Amino acid sequence: MSRIGVFVCHCGENISRTVDVEQVAKAAGEIPGVAYSCDYKYMCSDPGQNLLKKAVAEQKLDGVVVAACSPRMHEKTFRKAADAAGLNPYLCDMANIREHCSWVHEDRKLATAKASDIVKLMVERVKKGKSLAPIVVPVTKKALVIGGGIAGIQAALDIADAGHQVLLVERDPSIGGHMAQLSETFPTLDCSQCIMTPKMVDVANHPNITLYTYAEVEKVEGYIGNFSVTIRRKARSVDEEKCTGCGICMTKCPKKKIPNDFDQGHGMRSAIYVPFPQAVPNTPVIDRENCSMFQSGKCGVCAKVCGPGAVDFGQEDRLTVEAIGAIVVATGFKLYSIDRKPAGSPIQGYGEFGYGTIPDVIDGMTFERLASASGPTGGKILRPSDGKEPKQVVFIQCVGSRAREKGISYCSKVCCMYTAKHTMLYHHKVHDGQAYVFYMDARTPGKGYDEFWRRAVEEEEAVYIRGMVSRLYQKGDKIMVMGSDTLVGVQVEIEADLVVLATAVQARDGADLLAQKLGISYDKYNFYSEAHAKLKPVECATAGIYLAGACQGPKDIPDTVSQASAAAAKVMTLFSKDKLERDPVVAKVNEKYCVGCLACKKVCAYGAVEEKEIRDRQGNLVKVVAYVNPGVCGGCGTCQATCPSKSVELDGYTDEQIMAMIEAL
Amino acid sequence: MTPNKKRLNYSYYPGCSLHASGKEYDISTRALFKALNMGLKEVPDWFCCGATPAHNVDELLSLSLCAKNLSLAEEVEGDLAVACAACFSRLKTTQHHLKQDAAKRKQVETAIDGPAPLGKPVKHILEILAREFGLAKLEEHVKKPLLGLKVACYYGCLLTRPPEVPDLDDCEDPSIMEDILRSLGAVPVKWSHRMECCGANFTLSRPGVVLKLSNAILESARLGEADCIMVACPLCHGNLDIRQQGIKEKYGSTDPTLFGNIFGSELQQGGEAQQQRDLPIFYVTQLAALAMGVPSDKLGFESVIIDPKPLLREKQLL
């Protein structure tokens, strides 16, 4: 016969207001196998826990049920107390009579009966429970950071500074990301490159950081502390060891008229190129689609002029496999483009703005490049169509953002601030120019942000018009902006020389595919999901993977850097121990009965199920069965529900326990 | 391409305008369908759809008018062909609305004392020409291509909006009229005011508004170097054609109020001042029928204000 102890909590009045706790405790005492029962005002308090510990020792209890709140709240607390009293913590369970009962019912009599039933179920469950021990897994103390923008750079530097090895993987030929493209940054107007490039150099020089640029994550296997990551290092066609970064190849390359993505297509680059002069590493890459050598087999000028002989037309992609303990995902964002979207896309383009066919209608990032000293115009604000200085510039906020009918309902968070910044930069560079801003509201939550915006309006002469723009069209060399001023209640028509659209921040193309490789979840906009919106904002639901920056949602630089450092701190916590303890609630396969149908493998969300061969002593294959890797298993129980031969069970939630609970009802 | 042997047959809801101020639209629609060997049978005993006024005054009335017409249309075989943009919009809106709101449908059925069938597809003439008859076939049937005729295709506000109702083409940047025009051999011009409002039925109550809005449309078409404007709505036609004389008297040769600016920025006050050219306004069916070889005296050209014949003569299309 079991000796179970039942402890019923009042939770102040939270439970006792609706449930007769004394009655519940009394009824529990009459369940066969219950050796002790009592009620107490606050079970989670110190005296409450001591009550539990004392009862375990004195009554020689072999199982405990605490009837109180949700196990999400205090399961750990009571299991710890049980452990301290010498009871296996997994023989301590909670009956949730608060969220599942007292909070949702009004009738005291019925609620009391229901609470008693819940306790009864849990008692039966604990009776059939087994002692379990935490799973211990080793930890490889090397972090992978995916993405070399400001988020990835910050996370990599923090982890590396703590003395751990970091592998930083960047898809583009250089690290730096979007921040390297910006001219000045709000709210202080300091030069983005001036604060960004030193950090890029720090990454390159850090003894603990291995940098793979022009590389992508190909495959991710394993689990927290023990990932095995395959990385594709794309062929640069330039030997990184030999190249000195002298740049003569770029000067001599005959193909120089290729639009440079770094300048949003408004500057030109050669076929062998570094994206921008401050690139890290300063090793060029050959853009094979535009290189004469690759397209027609003629040219090879770069190879001829290269002193160290670094140009290698025959270079191929290389795959490297790395053992990794933790992963920080920092893949960043892209900007919405207003052009016609493919049929079936939930995102609509902007037909009313001509689907992006008017050359002097540009996005915010293009304006950054125009305003940047390193940009295609050398920092002069000149419009793309005819290179003239625009005298009337219209900025339109919330283009694509907060527009459900266009497919996106969220706020992109950074546009109010960067548009205010743009009006200032414009005013500083074109003194006789006038900036107009169409806005819905000015959202400026952040230190010094509202002051910054007010400065744009009050000191820098930007005219803010509250309302949206219904149509843009070309009229001669002007762009007609048809909008409304909803504060005055009139229609507004402005002849603009340049229109700048604050287009929505979106997840990068392929963000969903990377998430599938990593086994992390993402929302309907392909932004990566954090484990808890408030309390676990940098962790993924998948253990050992952390998020930093705009890949999780639109974010400005200060927030991105904070999140990156937070993710780094989480990685350091993980790396602070040599072994990792995990909850033992994992699935186990009964190999005797498993027929190897592997239905469990198909439904496993964590990729924890593997095939295992059973061989006899002579080494002949007897059968193939499923095997659940305890390090990867998330303990969800889907396999248990799926298995047709009932040969996989979750420890702590066995079929026997569940059946006992049902029978008790 | 093998020609589709099956003859297309439609039921036809002309609407009040097509029996009165826009009767040339009706005449040319019938002539065009005949020339293309498509059947067109008028719904018996149809009445007003409520157009723009009814739904502003009484929602139930506007829905009931259309629901009753839709139930009358059930008596004639074939999808319901509609030429007027306002009738098209009202009939489609009614179907859309009542399909989603069972309670409202019941209310309407009580009002019209009978069932409100919503299953019959309502199709605009443009849709029938471009999609059902087909652009390629249309091109094959052209006997007299409209070579050299530069046309501003004017959609107005109702044909494609709101996006969830008409399902005719891209809501903000449609091309169906231009596509049809190209198959007829004419040249669609690029211009800005394809989708702006002409003022619609304010033509009676607030003519000043209509003069201003329609002037902007006409000026924009002139800037695009169009010879004429093509429409698919009798209200648009009325405002652009009938009011053109009044616009000329009010705005003369310049373009001062095309775009007013509340911030007083410098506006080019008619930089290229010139006498406003008359712009003939055609219905899509008039131009299409002309291209199919229907004689010009069968297309109602005599009942419009801005005489299109000089232009057609100049382009050797008469």
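1. Ser174(A) touches Thr213(A), Val274(A), Pro275(A), Ala279(A) and Val280(A), leaving out residues up to four places away in sequence; contact here requires C-beta atoms, placed from the backbone, within 7 Å. The C-alpha atoms of Ser174(A) and Thr213(A) lie 6.0 Å apart, although 39 residues separate the two along the chain.

2. This is a predicted model, in which local features need pLDDT of at least 70 and side-chain atom pairs count only at pLDDT 80 or more, while totals for chains, interfaces and linings use all residues. Residues are numbered from 1 along each chain as its sequence is written, and chains are lettered from A and ligands numbered from 1 in the order in which they are written.

3. Ser174(A) belongs to the loop between β7 (165-169) and β8 (184-185) of chain A; strands are DSSP runs of E, at least two residues, and helices runs of H or I, at least four, numbered from the N terminus. Ser174(A) counts as buried because it has 22 C-beta neighbours inside 10 Å, the cut-off being 20 or more other C-beta atoms within 10 Å.

4. In the largest nonpolar core, of 158 residues, Ala155(A), Ala156(A), Val328(A) and Val499(A) touch the most other members. Such a core joins buried Ala, Val, Leu, Ile, Met, Phe, Trp, Tyr and Cys residues through C-beta atoms within 7 Å. A second, separate core of 94 residues includes Tyr12(B) and Ile180(B).

5. In α1(B), the buried residues include Tyr25(B), Ile27(B), Leu32(B) and Phe33(B). Among the elements covering the buried residues of α1(B) are β2 (39-42) and α6 (125-141) of chain B. Just after α1(B), Asn37(B) takes a positive phi of about 60°.

Terms used. A residue is buried if 20 or more other C-beta atoms lie within 10 Å of its own, exposed if 12 or fewer, and partly exposed in between; C-beta atoms are placed from the backbone. Two residues are in contact if their C-beta atoms, placed from the backbone, lie within 7 Å.
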